[in-house]
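Open the model in your viewer and keep the selection tool at hand. We will go from stop to stop, and at each one you select something and look around.

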Amino acid sequence: MSNSKVVAMGNDHVAHDLKFILKADLEEMGYTVINFGCDSSDAVDYPDYARKVAKAIIDGEAAWGVLVCGSGLGISIAANRYKEIRATPVHDSLGARLAREHNNANVLCLGAQTTGTWVARDCLKAFFATDFIADVHGFRVDMLKSM
Ligand SMILES: O=C[C@H](O)[C@H](O)[C@H](O)COP(=O)(O)O
């Protein structure tokens, strides 16, 4: 079965509320969501959740990831430790669109403390509505793969 409509989600304790909102949006958009995140305010460590989502993508369980922490920064740094992951922190829908068009990002990172709920939802929609423009930008993404 194709995993192209499967999204792995991960988040820390700061971001469980936003995670559930984005999960519902993704399901409404027709995606199956695997929730690897934490579901409460009890303190956890964002690298653990970035690792779970990266592993799901590397193992072929999901094609996409959405990671949310306070800033969207720590969790993106953690996810980008994995060669197969192109995780981009995004703060508006233009950034979300360019992350797909130019960078072929496979993981969207959002900050629950830095991006309002409606902007985050807008970013999500833009990210998942946009295709990579491989014929123009593919050679640079290939360069990333070889680094
Ligand atoms: O980049 C890291 C994230 O913003 C974390 O959500 C944040 O560091 C968690 O901080 P605290 O444990 O103070 O809630």
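**Stop one: Cys-69**

Select Cys-69, which sits in strand E3 (residues 64–69). Helices (H or I, at least four residues) and strands (E, at least two) are DSSP runs, numbered from the N terminus. Before going on, note that this is a predicted model: local features need pLDDT of at least 70, side-chain atom pairs count only at pLDDT 80 or more, and totals for chains, interfaces and linings use all residues. Residues are numbered from 1 along each chain as its sequence is written, and side-chain values use heavy atoms, with hydrogens and water left out.

Is Cys-69 buried or exposed? Cys-69 counts as buried because its relative accessibility is 4%. Buried means under 20% relative accessible area, exposed over 50%, and partly exposed in between (1.4 Å probe, protein chains only).

Now show the contacts of Cys-69. A contact means heavy atoms within 4.5 Å. Leaving out residues up to four places away in sequence, Cys-69 touches Asp-12, Ala-15, Tyr-46, Gly-74, Ile-75, Leu-110, Gly-111 and Ala-112. Pick Tyr-46 from that set. Tyr-46 and Cys-69 are 23 residues apart in sequence, and their C-alpha atoms are 6.9 Å apart in space.

**Stop two: the ligand**

Select the ligand next. Which residues are around the ligand? They are Asp-12, His-13, Val-14, Tyr-46, Cys-69, Gly-70, Ser-71 and Gly-74.

Zoom in on the oxygen atoms of the ligand. A polar side-chain atom of Asp-12 lies 2.5 Å from a ligand oxygen. For a polar side-chain atom of His-13, the distance to a ligand oxygen is 2.9 Å. Ser-71 uses its backbone: a polar backbone atom there is 3.0 Å from an oxygen atom of the ligand. On its own, the ligand has 380 Å² of accessible area, and the protein covers 57% of that. Accessible areas come from the Shrake-Rupley method with a 1.4 Å probe; for residues, only the protein chains shown count as cover.

**Stop three: strand E5**

Move to strand E5 (residues 107–111). Why is E5 largely enclosed by the rest of the structure? 5 of its 5 residues are buried, so the rest of the structure largely encloses it. In a regular strand, side chains alternate between the two faces of the sheet. On one side of E5 are Val-107, Cys-109 and Gly-111, and on the other are Leu-108 and Leu-110. Both faces are covered.

Show the neighbouring strands. Two strands pair if DSSP finds at least two bridges between them. E3 and E5 run parallel, joined by 5 bridges. Find Gly-65: its bridge partner in E5 is Val-107. Strand E4 (residues 87–89) also runs parallel to E5, with 3 bridges. Pro-89 stands opposite Cys-109 of E5.

Stay on Cys-109. Its relative accessible area is 0%, so Cys-109 is buried. Not counting residues up to four places away in sequence, Cys-109 touches residues including Leu-67, Ile-75, Ala-87 and Pro-89.

**Stop four: Asn-104 and helix H4**

Step back to Asn-104, in the loop between helix H4 (93–101) and E5. Asn-104 is buried, because its relative accessible area is 18%. Its side chain makes a polar contact with the side chain of Arg-100 at 2.9 Å. A polar contact is a pair of N or O atoms within 3.5 Å; within protein, one must be able to donate a hydrogen and the other to accept it, and residues adjacent in sequence count only if both atoms are side-chain atoms.

Colour H4 next. Ala-96, Ala-99, Arg-100 and Glu-101 are buried there. Their cover includes E3, E4, helix H5 (117–129) and helix H6 (134–145).

**Last stop: strand E1**

Finish on strand E1 (residues 6–11), where 6 of its 6 residues are buried. E1 pairs with strand E2 (residues 32–35) in the parallel sense over 4 bridges. Select Met-9 to find one: its bridge partner in E2 is Asn-35.

Methods: A residue is near a molecule or strand if one of its heavy atoms lies within 4 Å of it.
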